[in-house]
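Good morning, and thank you for joining. Please take a moment with the sequence and the model, and then I shall go through the packing of the two chains.

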Amino acid sequence: MSDVLELEGVHASIGQHHILQGVSLRVRSDAVTVLLGRNGAGKTTTMRTIMGVLRPSRGSVRFEGRPIHALPPHAIARLGIGYVPEGQGIFATLTVEENLRVAMLAESAESRERMRRVLGLFPDLERFRVARAGTLSGGQKQMLAIGRALVNPVRLLLVDEPSKGLAPIVVEHLIAALKALKREATVVLVEQNFAMASRLGDDCYVMDDGRTVHSGSMASLVADAALKRRYLGI
Amino acid sequence: MTRGVPLAVGAVVLLLLPLAAIEPRAWLTLTVAGLAMGMLIFLVASGLTLIFGLMDVLNFAHGALFSWGAYAGFTVALLVDGRWGWAASPSLLANAGVFLLAIAAAVAVAFGLGVLVERVIVRPVYGQHLFQILITLGATIVLEELIRIAWGPNDQVMPVPFGFQGSWDVADVIVLRFPIIAIGLGVIVYAGMLWLLNRTRVGLIVRAGVENNEMVQVMGHDIHRYFTGVFAVGSGLAGVGGLMWGLFSQSIRPAMGGEQLIFAFVVVIIGGLGSVTGSLVGALLVGLSYNYVAFLVPKAAIGVTMGLMVLVLLVRPTGLFGVGK
């Protein structure tokens, strides 16, 4: 399998803070790659840098072999990269349907058909289709955030901490949805919930202090108690 | 909907309250004047609220674009009137013609300048409020000086179309014509903006951008294109506002925009950043309260506008229709 996404020695700063200090990772096609690490390790910053929200000061980001680190965020999204940010980033004053329509690159028959499929995949969204998104529960908001990324034909989906703050039963629903997603796109998942990450992940990277400090299969990390204790504190 | 009922009740109470102290015929005249003043402020504030709400840009050059709109409309009205006598003509059709041409000129010039100001002046300072204030104040000085160079520093008399002058006598109440036209135009602009924002895809993306412009970008929309568009439309509205204010006061001067900008900022704060309906409600509140109080206690007129803003900020810090960020 070829690499869909490749980061090579990426450095990035937020204001005066040098957050990413040499992140390198490769994401295989059709696999779920999990980014793990403690709070402040640089996982979200890595996602934002891939999406072009932050411009790397050094290093390169390649998508399907093409350098994308100098492109603006909208151009990166149009290459077929979907992003579900931490905290969902839903538009609270818009309705559920409007949230889905904003996410469409163009309102074509194809994207409307995709929206119908998303509403079929998440029945709660269909039920609250004309409700303001701000009135949804945490789990429903997360479904909406994921649904928004699916109204376009994405080849790579970046999902940042989807289980954060959700009840266990909702997390189970989320895992089922992400498993279904695996069949449609390559997924990069940032997740603090190790149990969820281990059930979904094929490959994993562990980050610490803005660097990737471990890479391998998810199965080998699950089996390595010393590594888990050292970098993840579990 | 839930906010609509108390607001409607509040609006009716506000409208009727001055009747306790003002004789009904004077009250009706003041109400029409207040609504007209409110609509004129709304034209300026609606553009400002979108620029402020969507782009988080403190645009102090908005006032200068207001002045440019007034001068562009004035020049076209003068030319058309000088050549064909349309403003002085008793024909309403000719009056409407010169009025529409003046509006077209005001919109075109302010829209074009808006594109220029956004691309050259504002774009390098996104996210930096202090620089935005300084550079847009600088742009204001340059734009106002350009007006002085082109048209001179003195006040100019605005040619008001003949049919727009004078008044109607409705059951012994004097109703001035121009305020009614201003109210009508304000309603048309408000309806147009609501249609654009709520019924079109561009409007949907702009509304989403007001809430979270970074998210709109990562969804594949070039937010800078929308920024330029919103800035230009907002500037065009400022231009119309300038022309209408010139027709209302029958004169224009280079610094007229700066004088109105303070009202527009107050209205944006009262209505809530990014809300067009908030701007309309805020502008009408300011226009009506200013006129009632100016009639009862002239010296307190400006104070009531500021008092209104303080009151709203105390009760609802995000403004009447603001969502907060």
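I begin with burial: a residue is called buried if 20 or more other C-beta atoms lie within 10 Å of its own, exposed if 12 or fewer, and partly exposed in between, with C-beta atoms placed from the backbone. Helices (H or I, at least four residues) and strands (E, at least two) are DSSP runs, numbered from the N terminus. The model is a predicted one: local features need pLDDT of at least 70 and side-chain atom pairs count only at pLDDT 80 or more, whereas totals for chains, interfaces and linings use all residues. Residues are numbered from 1 along each chain as its sequence is written, while chains are lettered from A and ligands numbered from 1 in the order in which they are written.

Let us start with helix 3 of chain A, residues 96-103. Which of its residues are buried? They are Val96(A), Asn99(A), Leu100(A), Arg101(A), Val102(A) and Ala103(A). With six of eight residues buried, helix 3 of chain A is mostly covered. The cover over these buried residues comes from both chains: it includes helix 4 (109-121), helix 5 (123-127) and helix 6 of chain A, as well as helix 7 and helix 8 of chain B.

Axes here are lines fitted to C-alpha atoms, for helices over the stretch in contact, and angles run from 0 to 180 degrees between N-to-C directions. Angles under 35 degrees count as roughly parallel, over 145 as roughly antiparallel, 65 to 115 as roughly perpendicular and the rest as oblique. Helix 3 of chain A and helix 7 of chain B are therefore roughly perpendicular. Glu98(A), Arg101(A) and Val102(A) meet Leu204(B), Ile205(B) and Ala208(B) in this contact, where contact requires C-beta atoms, placed from the backbone, within 7 Å.

Turning to the interface as a whole, 17 residues of chain B are in contact with 18 residues of chain A. On the chain B side, helix 7 (201-211) and helix 8 (213-218) are the elements that give two or more residues. Helix 7 of chain B gives the most, with six. The chain B side divides into eight nonpolar, four polar and five charged residues.

Ala92(A) lies in the loop between strand 6 (81-84) and helix 3 of chain A. Is Ala92(A) buried or partly exposed? Ala92(A) is partly exposed, because 16 other C-beta atoms lie within 10 Å. Not counting residues up to four places away in sequence, Ala92(A) touches Arg132(A), Ala133(A), Gly134(A) and, from chain B, Glu211(B).

Finally, some totals for chain B. Chain B has twelve helices and four strands, and 53% of its 325 residues count as buried. Its C-alpha atoms fill a box of roughly 60 × 50 × 35 Å along the principal axes. Among its contacts between residues at least 6 apart in sequence, 77% join residues at least 24 apart.

Methods. Contact = placed C-beta atoms within 7 Å. Nonpolar A, V, L, I, M, F, W, Y, C, P; charged D, E, K, R; others polar.
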